[in-house]
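Please open the model in a viewer and keep the selection tool at hand.

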Amino acid sequence: MLLDETPLFEPSLLQELDWSKNTAPFSPPISPSSPGEGLVLRPLCTADYNRGFFKVLSQLTQTGDVTAEQFTKKFEHMKKTGDYYVIVVEDTALRQIVATATLITEHKFIHSCSKRGRVEEVVVSDVCRGKQLGKLLVSTLTLISKKLKCYKITLECAPKNVAFYEKFGYAASDEAYMQCRFFD
């Protein structure tokens, strides 16, 4: 099985974002093309399996024991659908993933057969917190959803994180979040 540098989605999408439309302040300034010294923001690739991608995800939630084969199969499925935008921040000196977040687009019949974006799995490694990477990830995914012409973008968060997401223009909705879990 080949773990390579093939991106999950076309990297030019990140370069085409209109960063002037970003609503969150950054001090010092950073952007998708300039995330900080020794860092690169890019689409997920299968080689990231060996660069600590699951180590970072495990700081957010349970990941389970995922083999390289399972990862590659899921990656190929996500790439084929064209509806998944998993971005990572890599520390180029360490060749390790230090942050990640996901945008999923859902195709709808409502709103003239539009799309809805959903932000998931925003996590920054504990060794890199305080470098504005969480803000960078959310700002980037929000701008991608605008570029993809989503009629709205949503996310779920703990009450303690509401103020963080409000910086990007997110607001609590009148809808109640409900769930039915099938696995632990």
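Begin with the largest nonpolar core, a set of 46 residues in this predicted model. Select Phe53, Ile87, Val89, Leu133, Leu137 and Ile144, the members with the most contacts inside the core. Next, colour helix H5, residues 133–147, which gives the most to this core, with seven residues.

**Along helix H5**

With neighbours within four places in sequence left aside, isoleucine 144 is in contact with Leu13, Leu14, Leu17, Tyr85 and Leu103.

Is threonine 140 buried or exposed? Its relative accessibility is 0%, so threonine 140 counts as buried. Display the residues around it: when those up to four places away in sequence are not counted, threonine 140 touches Leu14, Leu17, Trp19, Pro32, Leu41 and Ile87.

**The largest pocket**

Turn now to the largest pocket, which holds about 1,800 Å³ of space. To find its centre, select Leu57, Leu60, Thr61, Glu120 and Glu121, the closest to that point of the 47 residues in the lining.

Which element supplies the largest share of this lining? It is E4, with seven residues. To display the other contributors, colour H2 (53–57), H3 (68–81), E2 (84–91), E3 (96–107), H5 and H6 (162–166); each of these, like E4 (115–124), supplies at least two residues of the lining. Colouring the lining of the largest pocket by residue class will show 25 nonpolar, eleven polar and eleven charged residues.

**The second largest pocket**

Proceed to the second largest pocket, with about 710 Å³ of space. Its lining consists of 22 residues, and Thr154, Leu155, Glu156, Ala171 and Ser173 are the ones to select, as they lie nearest its centre. E4, strand E5 (150–155) and H6 are the elements that give two or more residues to this lining. By class, the lining of the second largest pocket divides into twelve nonpolar, three polar and seven charged residues.

**Charged pairs**

Side chains of opposite charge can pair when their charged atoms come close. The count for this model comes to twelve salt bridges, and three of them may be visited in turn.

Select aspartate 18 and lysine 21, whose side chains meet in a salt bridge with an N to O distance of 3.5 Å. Aspartate 18 has a relative accessible area of 36% and is therefore partly exposed.

Next, select arginine 42 and glutamate 90, a salt bridge in which the closest N and O atoms are 2.9 Å apart. Arginine 42 belongs to strand E1 (residues 39–43) and glutamate 90 to strand E2; the pair, 48 residues apart, links distant parts of the chain. Are these two partners buried or exposed? Arginine 42 is buried, because its relative accessible area is 14%, and glutamate 90 is buried as well, at 3%.

Return to Glu120, already selected as one of the residues closest to the centre of the largest pocket. The side chains of glutamate 120 and arginine 118 meet in a salt bridge, 2.8 Å from N to O. Glutamate 120 is partly exposed, with a relative accessible area of 22%, and arginine 118 is likewise partly exposed, at 22%.

Finally, select Glu5, Arg42, Asp48, Arg51, Glu90 and Arg95 together: salt bridges that share partners join these residues into one network.

Methods
Residues numbered from 1 in each chain as written. Predicted model: local features only at pLDDT ≥ 70, side-chain atom pairs only at ≥ 80, totals over all residues. Heavy atoms only, no water. Core = buried A, V, L, I, M, F, W, Y, C linked by side-chain atoms within 4.5 Å. Buried < 20%, exposed > 50% of the residue type's maximum accessible area, 1.4 Å probe, protein only. Helix = DSSP H or I, 4+ residues; strand = E, 2+ residues; numbered from the N terminus. Contact = heavy atoms within 4.5 Å. 1 Å grid on protein atoms, 1.4 Å probe; cavity = no way out; pocket = protein on both sides within 12 Å on 5 of 7 lines; lining within 4 Å. Points joined across faces, edges and corners; volume = space filled by probe spheres on them. Nonpolar A, V, L, I, M, F, W, Y, C, P; charged D, E, K, R; others polar. Salt bridge = Lys/Arg side-chain N within 4 Å of Asp/Glu carboxyl O.
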